[in-house]
Structures are given as C-alpha cells and as structure tokens.
Amino acid sequence: MRRTDPEGHGPVRYGPPIPGQGLPVPPGLAAAAVGAHTEPTGGGPRLLDAACAYWARRGLPAERHRTAAAPGAPALLLALTAALGGDVLVPLPCAAWWRPTARLLGTSVFHVATSAECGGVPDPYALLETVRRVRAEGGDPRLLVLSVADDPTATVAPPEVVHETIEAAAGEGLHLISDETWRDTLHQPHDTVLLSPAEMLPDRVTVMTDLAGPFLPPGWPAAIARFPDNDTGTRLRDRVLDVLTALGARLATPVAEAAAYALGEPEEISLRLTESVRLHARVAAAAHHAVVTGGALARPPQTGRHLYADLGPLRPALTEYGVGDAQELEDFLTARLGMPAPGGHRFGDDLGALRVRLATGPLLGATDEERTASLTSLEPLELPHVESALTLLGSVFDDLRDDARRWESPR
C-alpha cells in the first residue's frame, strides 16, 4: 500500500485491493481448483450453470445464455462499460476500481452524491441533476454503477432509497450495473433488508458479483454477470463477450472449478461464509467503537469486511503531525497501525477530506494459525492477537483525540 514514489497522489497502481477474508482456504475449495487449461470466453457450462443456480436461490432467476464470467470484476466492468458506451455515473464515494476501469476507455466518469444514511446508491435528486447537467454540457450519460451493499462505506441502502434512485435512473434511460459483491456478507442478515435493483427493474439492470466477496481468495480472480432477459440483454452479453475475447480475458480452469464449487454452496462453503461473516461483523463493530470513541465519525458497518471513517474532527491533531490530506492520512495511519489504510481519495472523495477505509482482515492475526483461531473461537475479541490489534487501533485514535483537544483554540 505504501507509495514508493514521493511525487503525486493516488496513482492507479497503488490503489487498494478488495478487503480479503484473511482466512485459510477451505479444504474442499482448494481441492476443487484443478486443471491446467482455460475456460471458454465468458465461462464454461459448469460455471455458468452454478452461477444461475446461485442467483435463483436469491430470487433472481437466470439462464446460461444470460450469464457470463470473467477473471475478476475489473475485467468484467471494463467489458460492460465498453459495450454500453457513453459516460458513466458512480456514487460518491465508490469502490476504488470502478473509476480507473472506465477511464481506461477514455470514458468520462461523473460522481453523484449519496443519501445521508447510506453509500453506494446515489441520491435520486442528485442523480437527476447530474444527468441533466452532463447532457446540457454535451455529455452522453448512459450507465449508472451502484452497490446496495457498499464498498467502501460498508452500509446497506434501504429499499425505499434504492426504489427512488432506480425510478430516477429509469426515467433518464440509464442502464444500471448493480455490483452485488457484498450482498452475502450482511452483518445482521435477519434484520437488514437488501433489495437488488434487478428485482425492481429487470429489463435495465445487469448484476455483477466479484466472488472474492463471499467465496474466493482475492488471488483467485473470478466474477460473474447476470444480464437482462430481453433483446437488450442479449446484445449486451454478445458485446461483452467480444470485448473479453479481445482482451484474452478467460478464466483459468482451476479458478473456474473452484468458483463453480463455491457457487454450489455445499455445506463447507455455506458454513465458512456464515462463520466468517459473523467474525468480521464482531471485529468491525469493535473497530467502529474504537474509531468513534477516538473522536472520528463513521457509519456503523452493516456489510463486508471494512468500515469507512472520517477523521475531520481530528484535523487539529493531524495537522500537527503534518497530515493535511487523504494521501498523507493514508501514509500516517498505515505506518501507525501496521496495516493498509487507504485514504478516501482512492474512492473518489475529495483529497482534502480526511477519510479512510479500514479493513478487518488484518485484525484477525498475522499467521494462518492465529486467523484460524479467530474463526473458531467463541470469543474472538478476547484472543490475545485480536485484542492487541484492536487495542493498537484504539490507542492511535485515542491519542489523536487527546491531541486534538489539547490543541484546540481556547474559547
């Protein structure tokens, strides 16, 4: 994560990876990764059938000819963006890899503010204003990328917000890509309602999932897409396969076999997912408490393996340490915490805002033995290595809070 060049801010090659599970690969998943070839462009029958069954279990029926797979979500989004053409709209903030993917094509990317209670889904009024402004300036907005279960904010958009935004997007004729990478990692799955945009607007929504979210290690890149069941979906899938073919973006057979096994959700995979979500939820809640107690602002994490913090209230203390923007905050916290702490500028936020995404994976331990102990423990927060990591996190923020109070201007 640390920059190796002292010049500039935020080069693409230093962008943050997806927050990993930080856990050993389940034995059955490792055993499934066999083969020495590559899949056909867009994925082979076994993988596509497994993807269709996965979506059907979540109330999103799919057919093989309406599905595609690629070696990672960035390649899939690149192909989708190239196939759709036009300008791209994304929420502010958004996943770190969305904007660079679009800009590789020379496509203009426009940020839209999100609602106060959630990230990932643009505010409907802000969306309408942005679309009309871009068109008035000669732009051609065609695509909205959103995420109901969000990276980086770790929030889940309420159904009413999703509904209003989808209606606004449909009224402006936009195609939507719903990134549902984190839908299976809800911290309170029985209390949190997640509504896929594809349930509301099936004719204009393509669903995309990076399997590193629920199932696979980040080093095994695989992503799947579900296209609308109409002529638009057919043409879009055909164009996406053309782009993937031109890129040579085919899945390695071992990764495809592992992905198909995971998408089948055998007991080993379902149990691991449940246990890992429970673990990361507990650690995220503890990290959130430490961050907020230390004087920063953060929405309670509801999904994923991360949280998003605003250190604006701690600016007086950070200024004394030479931290004045998000890149300097990233460097400062990465060094203090001994773990990656990507600044908010990676996610489209203003460089001057002191925001940061903190992942929970590094808090689970430094070795496979420690991480496995975290997974299997009834009280993971009481394990020495987890407690130590959380204590360090808390002490860094507590020190900043105390320094900020000490250096406040007298009233």
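**Second pocket.** I sorted the lining of the second largest pocket by class and found five nonpolar, five polar and five charged residues. For these classes, Ala, Val, Leu, Ile, Met, Phe, Trp, Tyr, Cys and Pro count as nonpolar, Asp, Glu, Lys and Arg as charged, and the others, Gly among them, as polar. This is a predicted model, where local features need pLDDT of at least 70 and side-chain atom pairs count only at pLDDT 80 or more, while totals for chains, interfaces and linings use all residues. Residues are numbered from 1 along each chain as its sequence is written, and side-chain values use heavy atoms, with hydrogens and water left out.

I noted a volume of about 350 Å³ for the second largest pocket. A pocket here is an open set of points on a 1 Å grid over the protein atoms alone, where a 1.4 Å probe fits, with protein on both sides within 12 Å along at least five of seven lines; lining residues have an atom within 4 Å of a point. The volume is the space filled by probe spheres set on the points, which are joined across faces, edges and corners. Of its 15 lining residues, Asp184, Leu186, Pro189, Thr274 and Val277 are the closest to the centre.

**Largest pocket.** I then turned to the largest pocket, which holds about 670 Å³ of space. Its lining has 32 residues, and the closest to the centre are Pro16, Ala96, Trp97, Trp98 and Pro100. Helix H3 (73-84) and helix H4 (98-103) are the elements that give two or more residues to this lining. Helices are DSSP runs (H or I, at least four residues), as are strands (E, at least two), numbered from the N terminus. The largest share, five residues, comes from H4. By class, I found 19 nonpolar, seven polar and six charged residues in this lining.

**Leu311.** Is Leu311 buried or exposed? Leu311 is buried, because its relative accessible area is 0% (buried means under 20%, exposed over 50%, partly exposed in between, with a 1.4 Å probe and protein chains only). I located Leu311 in the loop between strand E9 (306-310) and helix H11 (315-320). Leu311 and Leu354 are 43 residues apart in sequence, yet 5.2 Å apart in space, C-alpha to C-alpha. Not counting residues up to four places away in sequence, Leu311 touches several residues, including Leu354, Val356 and Phe397 (contact means heavy atoms within 4.5 Å).
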